[in-house]
Amino acid sequence: MVFFWREGRGVWRLLLSVLHLLFWEAGSGQVHYSVSEEAKHGTFVGRIAQDLGLELAELVPRLFRVASKGRGDLLEVNLQNGILFVNSRIDREELCGRSVECSIHLEVIVDRPLQVFHVEVEVKDINDNQPVFPMAVKNLFIYESRPPGSRIPLEGASDADIGANSLLTYTLNSNEYFTLDVKRNYVEIKSLGLVLKKLLDREVTPEHHLLITAVDGGKPVLTGTIQLKITVVDVNDNAPEFESTIYKVRLFENAPNGTLVVTVNASDLDEGINKDIVYSFNTDMSADTLSKFHIDPVNGYISVKGNIDFEFTKLYEIQVEATDKGNPPMADHCTVVVEILDTNDNVPELVVKSLSLPVLEDAPLGTVIALISVSDGDSGANGQVTCTLTHHVPFKLVSTFKNYYSLVLDRALDRESMANYEVVVTARDGGSPSLSATASVSVEVADVNDNAPAFAQPEYTVFVKENNPPGCHIFTVSARDADAQENALVSYSLVERRVGERALSSYVSVHAESGKVYALQPLDHEELELLQFQVSARDAGVPPLGSNVTLQVFVLDENDNAPALLLPRPGVGAGALSQLVARSVGAGHVVAKVRAVDADSGYNAWLSYELQPVAGGARSPFRVGLYTGEISTTRALDEADAPRQRLLVLVKDHGEPALTATATVLLSLEDSGQAPKASSQASSGAASADTALVDVNVYLIIAICAVSSLLVLTLLLYTALRCSAPPSEGACGPGKRTLVCSSAVGSWSYSQQRRQRVCSGEGPPKADLMAFSPCLPPGPISGDREEQTDVKVDLPAKVSNF
């Protein structure tokens, strides 16, 4: 595509703007400036803040700072106006030597958020160095027999500047014998020499004095001079001659001492002593070159005798002189150019700086952790460095600029899984064999409150005996928080609710730090069989997190209620029962029945009856059923029996210790003719009482069966939960259910055996009875009535006799 300059000027400007933007993005924010060397202090370089897109007001809050590797404080930034200026003297030759390119690389770093910019300031050369010859006066000896056209090599001047400022031209003062010859031999090296225009005549002019002037290409120009004192001698007429005026060789750096570089060879047409040649280095060579190489004076072998470093010097120019032994001696000169080849002898350097540690575990992806810079003193593939990270770490390296990397977050962190990472950064060059260096960065992950306290199981079941002492420790809840420090500090509290008409906190409390649950007052099984509540665990994080656990506290029965007697009619004296008995009744006739109840449960409510022995040791004609309370005759009554019989019946439960009550039964013996009316009245009263009692028994049996079934299902569910979870901590040890043996009036049995934990103030835990069903053996009963008794536990009140 062709554009006309006048018509396409706007298009070119647009194209240049687009290219500038692309180069800006490809350079990761690099800005280029230029400044001349030897600029005065305060010289304006550029508006760095404006060019980097930063506001002046944010330079100080964001900690704007400039770093320069190995360049000291040559440049500074005024934080008030964002201008980059010259702070101290800049000498390009001191910074970069004779390198064509010379620049100062600046790193501009700002925080909040962390950003790094790269600024390159090119140092431009000025003509501040004049040409310099190796010496001010040089003595030369030239044979008068030297033919016209002969060339005498000279060491040229050097200029520390570069470019046009270092381009030298030479001039020679006017004379009739010599002219100046300048030739370009190799790369930028120029060969300077005197050319003899006509034969010398020592007898006419034994000495010649010449002046050579070197002029550089700068503005204004600078000059340097050397005086040549030429002595004309007349001896040997054939000088040695080298096979080549220039020898070009290549040599690897770090070559061991004694390594042969090249062999120079010269020949002389003379004979005898005038033909013998001695090789030597030109005395005008630099001390550095003389310290690196050695020449054999007889054979012309040039070998290594010092450390050859590519990074220090890449090219050596060696001036060799071959001199015969004639009188006067004659000589020839040649140039040996030694090009130094790079070897991979520099290990990459790693520098880690600007660490942002520790890192929060909820830090977003892409968060910058550290800035890393690498460098390698070698060149070519030996100086190309690649960086890698340790495998299986949630970080990655992002290249921000040439040999600059950012360590950023690549995957989400979880402090509970890994609290610290040892990230190893490896820098490896492209040499063969390659060299590498490592740097370790310890990244600590800071905790955030992202885990709520957790209980081992959602629900615990606790068994506590009633009548516990106030303040009894009944259980300990424990929750674990996977976080750290204050985020893992767990405190416990009750989830308040109403239990009947009272607050939950009047029954139990929980220690905020230990999680121990205490019963604040004695519990009563007859009042409260099951207390269910929740305990909350909450950490100290911001915001706090919490969870709840449910506690089911079963209050176990103790034998704290004595049997209570049921009187047949109200108004009868306490514990007294009167009954008329005909003397004509036979053995086994039921004459009365003692009824009692016990408010406890299980064994504690299972009642038995005993007839107290008669005073004086006389044998009573009556007996009482062990579990029925029925008083019956043991034989037929006769006239010898006292008309009034006073019987004491002891009612006892099966608790530990057993509690008792005593019933007094007064029996009046009447003859058969005197007691029909009373007997009929008693019989009718007993019949009506038995009828009413039968109705009560039916309802009690139904209620007992329903409650017992519910309790059995609850305990079976609890057994399944206990089998799948470890035993919970309580104030008391495990209890073991035992099998109840058969008795004379029936048998009690279990459907299963199990372990449970209960809270008792003292002594080992006692197993409670679930259900039993006494089976009465056949025996004499009164009338045609057959009595059946079913007893079940865990009722507020148990009726032992009907």
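This is a predicted model: local features need pLDDT of at least 70, side-chain atom pairs count only at pLDDT 80 or more; totals for chains, interfaces and linings use all residues.
In soluble globular proteins, nonpolar side chains tend to be buried together. In this model, the largest nonpolar core has 28 residues. Those with the most contacts inside this core are I474, V477, Y492, V517, L531, F533 and L551. Several strands contribute to the core, and each of the following supplies at least two of its residues: β33 (459–465), β34 (472–476), β36 (490–495), β39 (508–510), β40 (516–519), β41 (530–539) and β42 (546–556). Leaving aside residues up to four places away in sequence, F533 touches L494, R497, L504, V508, V517, V549, T550, L551 and V553.

The cysteines come next. A disulfide is a covalent bond between the sulfur atoms of two cysteines. The model contains one disulfide, which joins C96 to C102 with an S to S distance of 2.0 Å. The torsion about the S-S bond of C96 and C102 is about 70 degrees, and the disulfide is therefore right-handed. Both C96 and C102 are buried. C387 counts as buried because its relative accessibility is 15%, and C472 is buried because its relative accessible area is 12%.

Charged side chains complete the picture. Side chains of opposite charge can pair when their charged atoms come close. The structure holds 18 salt bridges. One of them pairs E107 with K353, whose closest N and O atoms are 2.8 Å apart. This pair links distant parts of the chain, with E107 in strand β6 (residues 103–110) and K353 in strand β24 (residues 349–353), 246 residues apart. E107 counts as buried because its relative accessibility is 6%, whereas K353, at 27%, counts as partly exposed.

A salt bridge also forms between the side chains of K138 and D284 (2.8 Å, N to O). Because K138 lies in strand β8 (residues 137–143) and D284 in the loop between β19 (277–281) and α4 (287–292), the pair ties together parts that are 146 residues apart in sequence. Both K138 and D284 are buried.

In another salt bridge, R151 meets D181 (2.7 Å, N to O). Here R151 belongs to strand β9 (residues 151–154) and D181 to strand β11 (residues 178–186), 30 residues apart. R151 counts as partly exposed at 24% relative accessibility, while D181 counts as buried at 18%.

Conventions:
Residues are numbered from 1 along each chain as its sequence is written. Side-chain values use heavy atoms; hydrogens and water are left out. A nonpolar core is a set of buried Ala, Val, Leu, Ile, Met, Phe, Trp, Tyr and Cys residues joined through side-chain atoms within 4.5 Å. Buried means under 20% relative accessible area, exposed over 50%, partly exposed in between (1.4 Å probe, protein chains only). Helices (H or I, at least four residues) and strands (E, at least two) are DSSP runs, numbered from the N terminus. Contact means heavy atoms within 4.5 Å. A disulfide is a pair of cysteine sulfur atoms within 2.5 Å. A salt bridge is a side-chain nitrogen of Lys or Arg within 4 Å of a carboxyl oxygen of Asp or Glu.
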